[in-house]
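Hi there,

Here is the structure I promised to pass along.

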Amino acid sequence: MKTWILIIALALGTVLMKTIGPVLAGGRQPPAPLTRVIALVAPALISALIVTGTFTDGRQLVIDARAAGVAVGAVALWFRVPAVLAMIMGGTVCALLRLAI
Amino acid sequence: MPLALPIAAVGMSFGILASPLLGAVAPILMSAVVWSGTAQFAALSILIPGGGIALAASAGLLANTRFLPMGFAIAPSMTGGLLRRFFTGTVLADASFVIGHRGGGRFDIGALAWAFPVQWLSWVGGTVAGVAGAAAIGDPRRWGLDVFFPVFYLSLLLPELFPARAPRNKRSITVAGMAAAITLLLTPVTAPGVPVLVAAAAALIGLRPPRQPNAQARTGDEA
């Protein structure tokens, strides 16, 4: 039940954000400070999600096999390896480390 | 369409990671109607460590606020009535935004709209394949698949902070650093999911006018 609420909320909210601009149109723009904040929400949120996915386990801060995997993925991305390949490389390193430890 | 394969691959990893938690139908339906990798991964990142539905929905929607400026950016290139503009808006996506961009703030709306069916089919098809394969794979952690989340996010963040053909985006780097610090500080003391949302508030430093005059012109070009 809760999952359906989540799906509906995400679907409606996404459509709303995609269509406000086109529907209002007429060359109108949101106020400049708001536009600047909106442009910064993505890097803030994504950075927080990276930290959560790499260094946390529930409420604990940890450094485990994931950190190594993410580091490998980051280096790969830095050298312009395609995202999917970088994901597989990071995942492989992480899985191998878990096997070894 | 060279994008179809990577989109399907990311969709597949979403299916694999989501189905142990959400079952078979929900991830596929989510891909079909939400159709946004960033939002779906963000929501899932909150749900997996035990965050609630409200937090997951908020994270997913915050991840999609980037569509607001994108919608405003394509609006002047659109023709037709309200309904037509509405439906063109709904098929907007990161990749189609880039595909339709013709430089100088102009967009080829036809190219943008026609990118939709290909992307949608690869995304949903990939999710179906992921859900189907999830049972065979078992615990995603065994294969290191949980690392897909942060690496996928890095693939979105790095081009934003260090664009290929522009100087590095100092303000985004500051905000990303602040958000990372907030997350590390709050994780031990708050419920799962909360640190991520509080960290998003780092974006509020955007209220201050930028120091370089050309930084503002970039904001409409997020992709």
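To start with one residue: is A44(A) buried or exposed? Please keep in mind that this is a predicted model. A44(A) counts as buried, because it has 31 C-beta neighbours inside 10 Å and 20 or more are enough for that label. The residue lies in helix 2 of chain A. Setting aside neighbours within four places in sequence, A44(A) is in contact with V175(B), A176(B), A179(B), A199(B), A200(B), A202(B) and A203(B).

That leads on to the interface. In total, 68 residues of chain A are in contact with 86 residues of chain B. On the chain A side, the elements that give two or more residues are helix 1 (2–24), helix 2 (32–55), strand 2 (60–61), helix 3 (65–78) and helix 4 (83–100). Helix 2 of chain A provides the largest share of that side, with 23 residues. Sorted by class, the side of chain A that touches chain B has 42 nonpolar, 20 polar and six charged residues.

Now for chain B by itself. Along the principal axes, its C-alpha atoms fill a box of roughly 50 × 40 × 30 Å. Of the 223 residues in chain B, 50% are buried. Taking the contacts in chain B between residues at least 6 apart in sequence, 63% join residues at least 24 apart.

One element of chain B to look at is helix 3 (residues 37–47), which is mostly covered: 11 of its 11 residues are buried. Among them are G37(B), Q40(B), F41(B) and L47(B).

Finally, two backbone details. W35(B) has a positive phi of about 50° although it is not a glycine. W35(B) sits in the loop between helix 2 (25–33) and helix 3 of chain B, and it counts as buried, with 23 C-beta neighbours inside 10 Å. In chain A, R80(A) has a positive phi of about 65°, and it is not a glycine either. R80(A) is in the loop between helix 3 and helix 4 of chain A. This residue is exposed, because 10 other C-beta atoms lie within 10 Å and the label applies at 12 or fewer.

Best wishes

Methods
Residues numbered from 1 in each chain as written. Chains lettered and ligands numbered in written order. Predicted model: local features only at pLDDT ≥ 70, side-chain atom pairs only at ≥ 80, totals over all residues. Contact = placed C-beta atoms within 7 Å. Helix = DSSP H or I, 4+ residues; strand = E, 2+ residues; numbered from the N terminus. Nonpolar A, V, L, I, M, F, W, Y, C, P; charged D, E, K, R; others polar.
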